Amino acid sequence: MSSFLSVRDLKVHFPTVDGVVKATDGLSFDLAKGKTLGIVGESGSGKSVSSSAILGLHRNTTAQVSGEILLDGVDLLKVSDEEMRRRRGKDVAMIFQDPLSAMHPYYTVGNQIGEAYRVHHDVSRKVAKARAVEMLDRVGIPQPDRRVDDYPHQFSGGMRQRAMIAMGLINNPGLLIADEPTTALDVTVQAQILDLLQDLQREFESGVIIITHDLGVVAEMADDVLVMYAGRAVEYGTTKEILTHPEMPYTWGLLSSVPDVSGDTNAALVPIPGNPPSLLSPPSGCPFHPRCQHKDKVEGDLCSTVLPELVPGTRTEGHLKRCHITNPDVVFEREVLPEIAPDLVEER
Amino acid sequence: MFAYVIRRLFIGVILLLVMSLVTFVLFFASPVDPGRYACGKNCSPAQIKQTNKALGYSKPVVEQWTDFLKGVVAGRQYPDDAELRAAAPQLVTDCPAPCLGYSVVNSTTVNEEIKEAFPVSLSLALAALVMWVTGGVIFGTIAAVRKGSIVDRGIVAASLVFYAFPAFFIGIFLLKFVAIKWQLVPPPAYTPIAEGGPGLWLQGLLLPGLTLALLYMAGYVRMTRAFVLESMTEDYIRTARAKGLKNRRVLIKHSMRAALTPLVTLIGLDFAGLMGGAIITETVFNYNGLGKLAVEANLTYDLPTIIGLVLLLGSFVIVANIIVDVLYAVIDPRVRVG
């Protein structure tokens, strides 16, 4: 499969005085042009670190990055610093979680968006500003020719995120990484931003990686989903497959902690007990086993001693999961689904 | 913004009034008889009385204070007493507004004393400011960029060493060795621009300016280093790098712009403080600046000079504060009020 972006065995390790923090440990995924990949996981599961690695933002730091990141056939981990810099913002762009802190408080929005254009195009300030106005208009900022001279703090949260998107897309990048683009926004604005991203993706034909902990966002946006836990992929497949037939207890946990307004609104949310593991000294075996409520379905102490491989699940080849449970489809249907969506059980 | 500056100036004037009153009261609360001091050792009681009358010391403190304020606004004449003025019109000294008083010790008005000393202190403080800010920002930024390296440690250690040496040591070292023994530069002497042109003026300021700059630079190196390092961890720096900007541009346009803003406040206050605070350096290099004038006035119990200097130096700090606040609004768009 010759995809636009192909990540193979990506490892990002941070050596510290206490030992090596394995923020990302052997991550692989593919993304085709015009498609969207959702990366889901809790804070500290390695989502952002992995995407920063694609932009080469760990260069010249203490981080050790290995593996392969093929973008249009070029391994981004092997190109020179200068070559990587030239690709940043042009071939790969990123938009960040909190647009207030992600934009410089002392420069106007137009200056910052225009700057992103001028880095990669030899044009005058005036041309760059006109281009910034054009992009602000495109992302739905009213009166863009006036707002272009505003400072970030004069924008509302949603407008700032639109401006960030304008900055990210101004060079028409083939790959856009959106790191929790809606987390800092209120719900109505979230929906607008997601719509905007989808529109722009269709228009620019970009591949999009959307990093989130919100399965709702994934359901709306993503073609494929990668669920991460403790720096590793634990489940990977098409969105439909993962959301309807998940085969990994961690994904079940994520699903049961999503509120369902269409169902019984009095139903208690079921959080995943415990905290994400320390990446410095992750638990032995499957890193999820201390929090797993289904480890009794695996014989012996397999869960706490052996790290399960990422292997095809019970239904399709493309659906990968990392779990020792041999009949996850049955467990999901019988035990998990009735708890999180009883109305769906009858339909099936 | 205009209304804000006016309000600040108004508060500043009130502050100066209070300062002058406090100085007056403190002066007269001390057990020394100012008239006796002004008259000299061998004065008869009658002469002392005459002196007190001439200087206005025989009046109540509050009346002296209001006289002083009147002088500042409208100017006044010395001797203070109208009878004495009428008796010897040829000895009357005119002190036009804003009159800060008459120094018996130096037989001249305080305004004249300050007019002499002010350019010296201003030149010195300016020279030092340029040197320490340039050096502090450059070395601090280099240290931040090379954090943890030998260069970083060397810069921080060196600045600390200079900070640890007292001003009189560095000053005397520069004067006795660099200027006199090794003759690397001519011995420093203050030459006003009007007399010797900018070249000689700068030459004279080199060593005393450097003495002060080395002292102040340590703090600025460390603060610049800390502020640059802090700003480097900000999200907007990551955004700047994600755009594909060159490291130099990320550092200068994005990181330093944010890091240097807090320095502006410190620069303003340090500069104002230095105007009257470079006592040791002025003494070592024999520069007749405001600091030296203040010390001499205190040693000779020269009340008018002391009060004049207290008010002048106080107003420097007040004005510097206002300028800094206005500058801050220019630098940081978030502070600008509608």
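Residues are numbered from 1 along each chain as its sequence is written, and chains are lettered from A and ligands numbered from 1 in the order in which they are written. Local features of the predicted model need pLDDT of at least 70 and side-chain atom pairs count only at pLDDT 80 or more, while totals for chains, interfaces and linings use all residues.

In the UniProt record, an unreviewed entry, the annotation "domain: ABC transporter" covers residues 7–255 of chain A; UniProt positions are given in the numbering used here, feature names are shortened, and annotations may be inferred rather than shown by experiment. Residues 7–255 of chain A are 40% helix and 27% strand, and the end C-alpha atoms of this span lie 26 Å apart. Helices (H or I, at least four residues) and strands (E, at least two) are DSSP runs, numbered from the N terminus.

Eight strands of chain A form an open sheet of mixed pairing, in the order S6-S7-S8-S3-S9-S10-S12-S11, where two strands pair if DSSP finds at least two bridges between them. The edges of this sheet are strand S6 (92–95) and strand S11 (311–312) of chain A, each of which pairs on one side only. S6(A) is joined by four bridges in the parallel sense to strand S7 (residues 175–179) of chain A, and A:Ile95 has A:Ala178 of S7(A) as its bridge partner. S7(A) and S8(A) run parallel with five bridges between them, including the one in which A:Asp179 is partnered by A:Ile211 of S8(A). Strand S3 (residues 36–40) of chain A is likewise parallel to S8(A), with five bridges, and A:Val40 has A:Thr212 of S8(A) as its bridge partner.

Strand S8 (residues 207–212) of chain A is largely enclosed by the rest of the structure, because six of its six residues are buried; a residue is buried if 20 or more other C-beta atoms lie within 10 Å of its own, exposed if 12 or fewer, and partly exposed in between, with C-beta atoms placed from the backbone. In a regular strand the side chains alternate between the two faces of the sheet. In S8(A), A:Gly207, A:Ile209 and A:Ile211 point one way, whereas A:Val208, A:Ile210 and A:Thr212 point the other way, and all are buried.

A further open sheet of chain A consists of four strands in the order S2-S1-S4-S5, with antiparallel pairing. Its edge strands are strand S2 (19–31) and strand S5 (74–75) of chain A, each pairing on one side only. Strand S4 (residues 64–71) of chain A and S5(A) run antiparallel and are joined by two bridges, and the bridge partner of A:Leu70 in S5(A) is A:Asp75.

The contact between the chains takes 22 residues from chain A and 17 residues from chain B, two residues being in contact if their C-beta atoms, placed from the backbone, lie within 7 Å. Helix H2 (81–87), helix H3 (99–102) and helix H4 (109–120) of chain A each supply at least two residues of the side of chain A that touches chain B, and H4(A) gives the most, with four residues. By class, this side of chain A has 11 nonpolar, five polar and six charged residues, where Ala, Val, Leu, Ile, Met, Phe, Trp, Tyr, Cys and Pro count as nonpolar, Asp, Glu, Lys and Arg as charged, and the others, Gly among them, as polar.

Chain B comprises 14 helices and four strands, and its C-alpha trace spans about 85 × 60 × 40 Å along its principal axes. Of the 338 residues in chain B, 37% are buried. The UniProt record, an unreviewed entry, places the feature "transmembrane region" at residues 9–29, 122–145, 157–180, 200–221, 258–280 and 306–331 of chain B. Residues 9–29 of chain B are 100% helix and 0% strand, with end C-alpha atoms 30 Å apart; residues 306–331 of chain B are also 100% helix and 0% strand, with end C-alpha atoms 37 Å apart.

B:Ser159 is found in helix H7 (residues 150–164) of chain B and is buried because 23 other C-beta atoms lie within 10 Å. Leaving aside neighbours within four places in sequence, B:Ser159 is in contact with B:Phe139, B:Met217, B:Ala218, B:Val221 and B:Arg222.
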